[in-house]
Amino acid sequence: MQEIPVSLLTLVAGAFVTVLSIWLGHNHSLLPVQASAQAPLVDGFFNIMFSIAIALFLIVEGTILIFVVKYRRRKGDDTDGVHIEGNLPLEVFWTAVPTIIVLCLGVYSVDVFTRMGGIEAPGHMMAHSHSPSHVAQMPGTALAATLSDASASEMEIPVPPAGARKIGIGGTSQDGKVADLVVDVTGMQFAWIFNYPESGVNSGELHVPIGADVQINLSATDVIHSFWVPQFRLKQDAIPGIPTQLRFVATKTGTYPIVCTELCGAYHGSMRSQVIVETPSEYENWLTENKVAQNQELNQAVAVKPAQLSASEFLAPYAHDMGISSVTLESMSH
Ligand SMILES: [Cu+2]
């Protein structure tokens, strides 16, 4: 009986491994639900990496299994194996293939990060600097300062403009488009505080309307924390003294966990909150209820921090007792 050529068998096995890997890589339930417009970008990247990992697993483990059976020791065979040393073409091949894979994944990951708004347009990020005075003002650029003596004309040094460059996903890359909703988020040991600057509402959980372009300004009061919503596939550090931001569009109503994912102290594990993605009308209701509730709290407060209040807000509780109308008060403060 004639044998099937090995090359033909290899070709069939290769096609089978390719199809199976791609199918498994795109039909798994390893990732949580996609709840933001950014999530499919990350998942696309994950699925490609997972497909490659499955293919490598099948090739390596499959080869081991085939060889264990095919080249097992036969009864009465006590001879040594064939001595083989080196195979340059083979070594070039198995070095080149991973190199190409890693380079392609690198380019793809940067593309995903850019489309999510993680990298600012070059004009925003880098500025040509020919003046040593710029260098001197930058923190941590002792090395750059030394180098600039040698090649000042060729150096590209990031110079933060007056507004300071934004760190995080979705900075100024959205073509300067203003977000629909801005929320200031403060991380502290061991809680997240959400402040809605437009309405003055403070909350322990994040409410956002579905489909809105949301910008989150992150800060930390003590140590580094990290704001992570697995269902949004978004994560950004909150760093004391350095403002960072996240920008996302929620695409699925529901309640999703917010997890601090930077070990920040003894109760790091309990530093959790939740983001509630609501319909616009539900969101408006929530906002109105909280505005009312928090205004009542303000009027009943025994001690408030004057620094956080305008003059009329601060005087409002006393003005009523003194018989001064809020209109008078308003005109006094201008
Ligand atoms: Cu934390």
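Helix α1, residues 6-26, comprises 21 residues and reaches 30 Å from its first C-alpha to its last, close to the 30 Å expected at 1.5 Å a residue. The structure described here is a predicted model. Within α1, the buried residues include Val17, Ser21 and Gly25. Viewed down the axis of α1, the buried residues fall within an arc of 45°, so they line one face of the helix. An α-helix has 3.6 residues a turn, so residues three or four places apart point the same way. The buried residues of α1 pack against α2 (39-70). On the face turned away from the buried side, α1 carries the exposed residues Leu11, Val12, Phe16, Val19 and Trp23.

| Strand paired with β11 | Sense | Bridges | A residue and its bridge partner in β11 |
|---|---|---|---|
| β3 (residues 167-168) | parallel | two | isoleucine 167 with threonine 244 |
| β8 (residues 213-220) | antiparallel | six | valine 214 with phenylalanine 248 |

Strand β8 also holds leucine 218. With a relative accessibility of 1%, leucine 218 counts as buried, because the cut-off for that class is under 20%. Leaving aside residues up to four places away in sequence, leucine 218 touches Val185, Trp192, Phe227, Gln236, Asp237, Ala238, Ile242, Pro243, Thr244 and Gln245. Leucine 218 and threonine 186 are 32 residues apart in sequence, yet their C-alpha atoms are 5.9 Å apart in space.

The model also contains a copper ion, whose protein donors are His225 (ND1), Cys260 (SG), Cys264 (SG) and Met271 (SD). These donor atoms lie 2.1 to 2.4 Å from the copper ion. The angles among the four donor atoms are 93 to 122°, and the site is tetrahedral. Along the chain, the donors of the copper ion follow the spacing H-x34-C-x3-C-x6-M. Histidine 225 belongs to strand β9 (residues 225-229), whereas cysteine 264 sits in the loop between β12 (254-260) and β13 (272-278), so the pair ties together parts that are 39 residues apart in sequence. Histidine 225 and cysteine 264 are both buried.

Notes:
Residues are numbered from 1 along each chain as its sequence is written. This is a predicted model: local features need pLDDT of at least 70, side-chain atom pairs count only at pLDDT 80 or more; totals for chains, interfaces and linings use all residues. Side-chain values use heavy atoms; hydrogens and water are left out. Donors are N, O and S atoms within 2.8 Å of the metal (3.2 Å for Na, K and Ca); water is not among the atoms, so sites may look incomplete. Four donors count as tetrahedral if all angles lie between 85 and 135 degrees; four count as square planar and six as octahedral if opposite donors are over 155 degrees apart and all others between 65 and 115; anything else is irregular. Helices (H or I, at least four residues) and strands (E, at least two) are DSSP runs, numbered from the N terminus. Buried means under 20% relative accessible area, exposed over 50%, partly exposed in between (1.4 Å probe, protein chains only). The expected span of a helix is 1.5 Å times one less than its number of residues. The arc is that of the directions from the helix axis to the C-beta atoms. Contact means heavy atoms within 4.5 Å. Two strands pair if DSSP finds at least two bridges between them.
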